[in-house]
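Trainee: I have a model open on my screen and would like to learn how to read it. Could you walk me through some features?

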Amino acid sequence: MRFFALAAALTLPITAHAAGGNDWNPPKPSETTKTCKGKRVWDANKKRCVRPRKSSLNQQGLMDAARELAYAGRQQDAQSVLRAMPDQQDSLVLTYWGFTHRKLGNLELAQTYYDRALKRNPDNILARSYMGQGLVEQGKYGAALIQWKEIKARGGDGSWAEASLRNALETGASYNY
């Protein structure tokens, strides 16, 4: 309970519902979530839904599609996009592997991905936030508080990553996209 009191003493209103980075806004639905079914993404060059590996999307375009699908609750479809990412060791790719596995209930595998993301980039505050939210869901408030402090120490004070983990510590629940 001491952790709740500490986190509550440092609260600011949270009005955002982002699924990534320091972007306080959810991804805008695109043709990927409005038109494409299953494990497909919208390819603007081809003007149709295609398998992620067959798309003309670059790493950032694929990341945007994965984020959008994850936000829409389509975790397995997001993982299909993640599989197509050219750089599987990118810290953000590893973070989203962790996020999608956590949302699918694969907590140990999610933790492995978060650990790998942080090994690649210890300043990845998004990985710390998502990992911390997973720790809150498991009742591991002390470990989650450590991640919240790490986010603040690494320059993330006031970011979406910090605020969403702070909210999870205060309420005992993470965002449910």
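Mentor: Happy to. Let's begin with Lys-47, which counts as exposed because its relative accessibility is 62%. Keep in mind that this is a predicted model.

Trainee: Where does Lys-47 lie?

Mentor: Lys-47 sits in the loop between strand S1 (41-43) and strand S2 (48-50). Its backbone deserves a look too: phi of Lys-47 is near 55°, a positive value in a residue other than glycine.

Trainee: Let me step back to the overall layout. What does the secondary structure of the protein chain come to?

Mentor: The chain has nine helices and two strands. Following the sequence, the pattern reads α-α-β-β-α-α-α-α-α-α-α. Buried residues account for 45% of the 177 residues. For contacts, take pairs of residues at least 6 apart in sequence: 58% of these contacts join residues at least 24 apart.

Trainee: Now the helices. At what angle do the axes of H5 and H6 cross?

Mentor: The general idea is to compare the N-to-C directions of the two axes; an angle over 145 degrees counts as roughly antiparallel. Here the axes of H5 and H6 come within 8 Å and cross at roughly 165°. That makes H5 roughly antiparallel to H6. The crossing of these two helices is left-handed.

Trainee: Which residues in H5 meet which residues in H6?

Mentor: From H5, the residues include Leu-94, Trp-97, Phe-99 and Arg-102; from H6, they include Leu-107, Ala-110, Tyr-113 and Tyr-114. Sorted by class, the contact of H5 with H6 has nine nonpolar, four polar and three charged residues.

Trainee: I see aromatic rings there. How many aromatic pairs does the structure hold?

Mentor: It holds five aromatic pairs. To read one, look at the distance between ring centres and the angle between planes; planes under 30 degrees apart count as stacked. Trp-97 and Tyr-113 form a stacked pair, at 5.7 Å centre to centre and with 20° between the planes. This pair links distant parts of the chain, with Trp-97 in helix H5 (residues 91-103) and Tyr-113 in helix H6 (residues 107-120), 16 residues apart.

Trainee: Why do Trp-97 and Tyr-113 count as buried?

Mentor: The cut-off for buried is under 20% relative accessible area. Trp-97 counts as buried because its relative accessibility is 7%, and Tyr-113 does so because its value is 15%. There is also a cluster to find: Tyr-96, Phe-99, Tyr-130 and Trp-160 form one aromatic cluster.

Trainee: At what angle do H8 and helix H9 pack?

Mentor: H8 and helix H9 (residues 160-171) pack at about 155°, with their axes 10 Å apart. They are therefore roughly antiparallel to each other, and H8 passes H9 in a left-handed crossing. The residues that meet include Leu-145, Trp-148 and Ile-151 in H8, and Ala-161, Leu-165 and Leu-169 in H9. By class, this contact has eight nonpolar, two polar and three charged residues.

Definitions and conventions
Residues are numbered from 1 along each chain as its sequence is written. This is a predicted model: local features need pLDDT of at least 70, side-chain atom pairs count only at pLDDT 80 or more; totals for chains, interfaces and linings use all residues. Side-chain values use heavy atoms; hydrogens and water are left out. Rings of Phe, Tyr and Trp (its six-membered ring) pair if their centres lie within 6.5 Å; planes under 30 degrees apart count as stacked, over 60 as edge-to-face and the rest as tilted. Helices (H or I, at least four residues) and strands (E, at least two) are DSSP runs, numbered from the N terminus. Buried means under 20% relative accessible area, exposed over 50%, partly exposed in between (1.4 Å probe, protein chains only). Axes are lines fitted to C-alpha atoms, for helices over the stretch in contact, and angles run from 0 to 180 degrees between N-to-C directions. Angles under 35 degrees count as roughly parallel, over 145 as roughly antiparallel, 65 to 115 as roughly perpendicular and the rest as oblique. A crossing is left-handed if the near helix is turned anticlockwise from the far one by less than a right angle, and right-handed if clockwise. Contact means heavy atoms within 4.5 Å. Ala, Val, Leu, Ile, Met, Phe, Trp, Tyr, Cys and Pro count as nonpolar, Asp, Glu, Lys and Arg as charged, and the others, Gly among them, as polar.
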